[in-house]
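The following exercises are to be worked with the sequence and the model at hand. Each task is followed by a solution in steps.

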Amino acid sequence: MLNQKNFKDLVGEFKAFHQKNPEIYKLFVQFTLQAINKGHAKLSSEMIINRIRWETSVITTDKDYKINNDYKPFYSRMFMAQFPKYDYFFQKRGSYADQIDWRSYVVQSDHQSSEVTQTIS
């Protein structure tokens, strides 16, 4: 659980998971942009993560979790950093994810972002 881990442990776990499983974030972006393009003004990151679980039966390299629920705020912050015009889309509660400058860590290049947007549109 989030309150049982310290910042360094949770962030380190997420970064390792993300590096081993980049397809999770790609799907997160794809499904979030689909929801936005269908007119949704807000959704929960939990809904997006559960859609990934449902539609793909994702098998990750993490032996304990397919997608750890503690990672939801990390994915939503990463998305909002990559797509700042949708900074409002996910409701934010206090999280260790707020202590990371996502722009310098995991945000894809503009070229990759436009490719994702074109795929979804």
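**Exercise 1.** Determine the handedness with which H2 passes H4, and describe how the two helices are packed.

*Solution.* Step 1. H2 passes H4 in a right-handed crossing; a crossing is right-handed if the near helix is turned clockwise from the far one by less than a right angle, and left-handed if anticlockwise. Helices are DSSP runs of H or I with at least four residues, strands are runs of E with at least two, and both are numbered from the N terminus.

Step 2. The model is predicted: local features need pLDDT of at least 70, side-chain atom pairs count only at pLDDT 80 or more, and totals for chains, interfaces and linings use all residues. Residues are numbered from 1 along each chain as its sequence is written, and side-chain values use heavy atoms, with hydrogens and water left out.

Step 3. Two packed helices are described by the angle between their axes and the distance between the axes. The axes of H2 and H4 come within 10 Å and cross at roughly 65°, the axes being lines fitted to C-alpha atoms over the stretch in contact, with angles from 0 to 180 degrees between N-to-C directions. H2 is therefore roughly perpendicular to H4, a term for angles of 65 to 115 degrees.

Step 4. From H2, Ile24, Tyr25, Phe28, Val29, Thr32, Leu33 and Ile36 meet Tyr75, Ser76, Met78, Phe79 and Gln82 of H4, contact meaning heavy atoms within 4.5 Å.

**Exercise 2.** How many of the residues in H4 are buried, and which residues does Phe79 touch?

*Solution.* Step 1. In H4, 10 of the 11 residues are buried, that is, under 20% relative accessible area with a 1.4 Å probe, counting protein chains only. Among them are Tyr75, Met78 and Phe79.

Step 2. Leaving aside residues up to four places away in sequence, Phe79 touches Tyr25, Phe28, Val29, Thr32, Leu33, Ile36, Tyr86 and Phe90.

**Exercise 3.** Which residues touch the most other members of the largest nonpolar core, and which helix supplies its largest share?

*Solution.* Step 1. A nonpolar core is a set of buried Ala, Val, Leu, Ile, Met, Phe, Trp, Tyr and Cys residues joined through side-chain atoms within 4.5 Å. In the largest one, of 28 residues, Phe28, Ile52, Tyr75 and Phe79 touch the most other members.

Step 2. Helix H1 (7–20), helix H2 (22–37), helix H3 (45–56) and H4 each supply at least two core residues. H2 gives the largest share, nine residues.

Conventions:
Buried < 20%, exposed > 50% of the residue type's maximum accessible area, 1.4 Å probe, protein only. Parallel < 35°, antiparallel > 145°, perpendicular 65-115°, else oblique.
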